[in-house]
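Reader: I am new to this structure and would like to learn how to read its features one at a time. Could you take me through them slowly?

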Amino acid sequence: MMGTPNHALQLYRRCLRSIKLIRDHNQRETFYEYTRDGFRRKRRLHPDSREAYLACNDALEQVKSMEYYQQLQATKLKENKNKHPPNYFSRDVSSINQSIPSVEHTPVSDKAQVTQWLLSQLPHLRKDDALEYATQLHDLGFDSVAFIEEELIEEDLSFMKTAHRRVLMRQLSEIRAEKDTR
């Protein structure tokens with residue numbers, strides 16, 4: 001399916017286009033490095049080999065999940081704009097801002113929200129892994145994003161794949177550092 005060098009190049013370009021849509025600079029740079037290194041490591045594979053086929057399928061799966069996540073984000077932004085249209089005739093903006101709940105203080109106790117959060121922290125994560133991780137976290141009592149961001153420690157993530165656990169802990173430390181600076 002994706003064995004030719006031309007297909008691999010098209011896939012690489014698709015990955016880069018998808019990465020450009022990531023809003024957070026740090027995440028964008030991380031995914032750029034991850035993608036570039038992944039393609040570089042596999043560039044010497046013979047186009048007809050099973051390894052090349054599997055590598056292309058894996059890259060395709062990951063870019064599809066990244067595009068899916070970006071679609072979710074775009075839909076969420078549109079929904080939020082529709083829910084809270086700007087009131088251009090009001091002079092008291094502070095009362096509007098106070099009536100909109102902050103994302104940090106909105107309780108989230110749904111496995112779907114935890115799954116979405118995991119995908120936002122680990123965009124290359126496969127959906128089946130995200131669902132499994134969300135279920136495991138829920139079973140351990142981590143049923144809200146706020147609680148995960150405050151209390152989760154590395155030992156709680158023993159069920160995760162090593163690379164996923166490392167990236168998630170790095171993301172959590174950045175989130176916590178940012179909260180501490182506020």
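**Reading burial, salt bridges and a helix face**

Author: E33 is partly exposed, since its relative accessible area is 32%, where buried means under 20%, exposed means over 50% and partly exposed lies in between, with a 1.4 Å probe and protein chains only. This is a predicted model, in which local features need pLDDT of at least 70 and side-chain atom pairs count only at pLDDT 80 or more, while totals for chains, interfaces and linings use all residues. Residues are numbered from 1 along each chain as its sequence is written, and side-chain values use heavy atoms, with hydrogens and water left out.

Reader: Which residue meets the side chain of E33 in a salt bridge?

Author: Side chains of opposite charge can pair when their charged atoms come close. A salt bridge here is a side-chain nitrogen of Lys or Arg within 4 Å of a carboxyl oxygen of Asp or Glu. The partner is R36, with 2.6 Å from N to O, and the two residues are about one helical turn apart because they stand three residues apart in helix α2 (residues 25-42); helices are DSSP runs of H or I with at least four residues, numbered from the N terminus.

Reader: How many salt bridges does the structure hold, and which one involves E149?

Author: The structure holds seven salt bridges. E149 pairs with K179, their closest N and O atoms being 3.1 Å apart, and this pair links distant parts of the chain, with E149 in helix α7 and K179 in helix α8, 30 residues apart. E149 is buried at 14% relative accessibility, whereas K179 is partly exposed at 32%.

Reader: Where do the partners E154 and R165 lie?

Author: Their side chains meet in a salt bridge at 3.8 Å, N to O. E154 lies in the loop between α7 and α8 and R165 in helix α8, so the pair ties together parts eleven residues apart in sequence. E154 is partly exposed at 40%, while R165 is buried at 16%.

Reader: Which residues of helix α6 are buried, and why do they line one face?

Author: The buried residues of α6 are D129, A130, Y133, A134 and L137. Seen down the axis of α6, they fall within an arc of 135°, so they line one face of the helix; the arc is that of the directions from the helix axis to the C-beta atoms. These buried residues pack against α5 (111-121), α7 (145-151) and α8, where contact means heavy atoms within 4.5 Å. The face turned away from the buried side carries the exposed residues D128 and D139.
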